[in-house]
Amino acid sequence: MAFPKGFLWGGATAANQLEGAYDQDGKGLSIMDVLSRGSNRDPRMITGVNEDGECFEFPMGATRHLKENESLACVDIRDYPNHQGIDFYHRYPEDLALLAQMGIRCLRISIAWSRIFPTGEEKMPNEEGLRYYERLIDEMRKYHIEPMITLSHYETPVALCEKYNGWANRKMVELFIRYARVCFERFLPKVKYWLTFNEINVLEYYPYMEAGGLGYDECDLAFAAYHQFLASAMTVSLAHEMRKDAMIGCMITYPCLYPYSCHPQDMLVYTKGNRSTYFYTDVMCRGRYPSYKKKEYERKGINLPVQEGDLEKLKTGTVDYIGFSYYTSNVVASSNELETTSGNMSQSVKNPYLQRSEWGWQIDPVGLRITLSNLYERYGLPLFIVENGLGAKDVLEKDGTIHDEYRIEYIRRHVEEIEKAIEDDGVEVLGYLVWGIIDLVSASTGEFIKRYGMIHVECDEQGNGSLIRRPKDSFYWYRDWIAKH
Ligand code: BGP
């Protein structure tokens with residue numbers, strides 16, 4: 001059997017997408033709390049008010065700064081799906097009991113930074129926030145479910161976005177390390193697997209979500225990446241000081257890239273396109289900046305704010321494993337006249353050989369095998385698929401069943417490719433986590449009808465519903481698959 005003993009089958013979630021209780025027990029506002037519900041056509045809006053109490057809003061992908069008299073806030077004319085999530089904050093015992101029935105061995109959660117430090121700058125952490133995660137982790141342990149924690153999954157406190165404009169400012173490094181230290185002091189003895197920044201390479205597309213930054217230009221993006229690399233390296237070193245066998249990974253989204261044709265110009269675009277993913281892993285896995293990036297900054301006149309000792313920190317704080325999300329492959333071309341479709345936080349030229357999800361994401365299980373090979377051959381580090389899954393509209397039948405054979409098919413084809421990567425290509429894979437193992441709010445659109453779960457949550461697009469949990473057909477399929485493998 002290809003899957004090694006101890007292979008971690010499981011599921012993945014993020015605090016802001018399922019916890020709800022966005023303002024309870026001392027939690028501060030996070031950037032996702034002021035992001036409205038969107039759809040496949042309408043973007044999610046960042047909202048706020050000015051000094052005169054007038055509302056403003058702009059799309060989360062827009063390049064716009066906050067004006068001096070403006071602050072981020074929730075406004076009446078919009079609704080905010082993350083406020084309720086699926087109320088996991090109160091219902092996690094029931095949810096974990098169900099997940100345990102499925103036989104999962106690992107659950108990825110994130111800690112909402114603003115539950116621990118509501119504005120990011122308090123002298124003391126919020127004890128109630130810490131106690132919540134402690135209860136949650138203990139409950140996981142009760143079922144022998146290995147916790148994996150993401151320290152920053154699109155959850156910068158709003159106050160840090162307003163005051164520092166996020167990670168372009170070096171102050172964030174200090175505040176993040178303080179937050180990480182508090183989390184490690186409390187949870188490191190119970191939690192071995194950690195991730196620093198979720199999908200760090202999304203920074204270039206959605207700086208607000210990834211780095212709590214507004215109106216970023218190229219220089220801000222370069223600085224924000226630099227500060228996050230530094231924070232990542234310092235976090236890795238800190239964790240190892242506190243627990244020798246801790247496993248701290250980076251996390252990128254990997255849209256397996258294909259050139260549109262074998263035309264050399266398409267190949268060149270493809271080679272350059274890959275760099276926008278590899279840049280991040282190159283630094284965090286090798287501990288230094290790659291030459292193509294140094295040249296690019298030189299051309300653009302960008303000078304990184306390097307301080308004494310920084311480069312040494314980058315070098316010594318390289319990650320233990322690479323965590324990545326994989327949903328789709330993307331095609332790039334030298335021509336910009338080809339028809340496109342959307343992918344995870346990205347756009348792609350349409351691939352005529354692939355089918356697409358209802359949201360346009362191209363379905364490509366073989367791309368996952370290629371991804372595993374590419375990353376393993378480049379870095380030689382263990383890999384962890386920390387997100388994979390299918391966003392689809394499910395139908396709740398009158399008898400309470402949900403027949404999601406399309407999801408079973410998607411997952412089955414992907415895990416079969418992992419098996420080949422391990423067996424035939426010799427790739428070292430630590431585990432596989434189904435994204436949104438329980439239905440939750442979509443990150444990119446804020447929708448609820450875009451469901452990923454193997455556990456259904458009864459809730460309509462406006463957030464109304466009993467929130468009753470029900471196993472889907474995929475629940476039973478995954479349970480049997482895990483038992484067998
Ligand atoms: C990744 C995020 C997750 C998750 C997933 C699915 O980008 O790390 O938070 O949401 O993609 O994307 P979406 O919810 O936009 O369908």
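So, disulfides, meaning pairs of cysteine sulfur atoms within 2.5 Å: this structure holds 0 of them. Bear in mind that this is a predicted model, where local features need pLDDT of at least 70, side-chain atom pairs count only at pLDDT 80 or more, and totals for chains, interfaces and linings use all residues. Residues are numbered from 1 along each chain as its sequence is written, and side-chain values use heavy atoms, with hydrogens and water left out.

Take C250. Its sulfur sits 4.5 Å from the closest cysteine sulfur, in C285, and that's too far for a bond. C250 is buried, at 0% relative accessible area; buried is under 20%, exposed is over 50%, and partly exposed is in between, using a 1.4 Å probe and protein chains only.

Okay, on to helix α14, residues 473-484. Helices here are DSSP runs of H or I, at least four residues, and strands are E runs of at least two, numbered from the N terminus. Which residues of α14 are buried? They're S474, F475, W477, Y478, W481 and I482. They cover an arc of only 165° around the axis, so they lie on the same side of α14; that arc is taken from the directions from the helix axis to the C-beta atoms.

What do they pack against? That's β1 (8-12), α2 (88-102), α13 (405-423), β17 (429-435), β18 (455-457) and β19 (469-471), with contact meaning heavy atoms within 4.5 Å. On the face turned away from the buried side, α14 carries the exposed residues A483 and K484.
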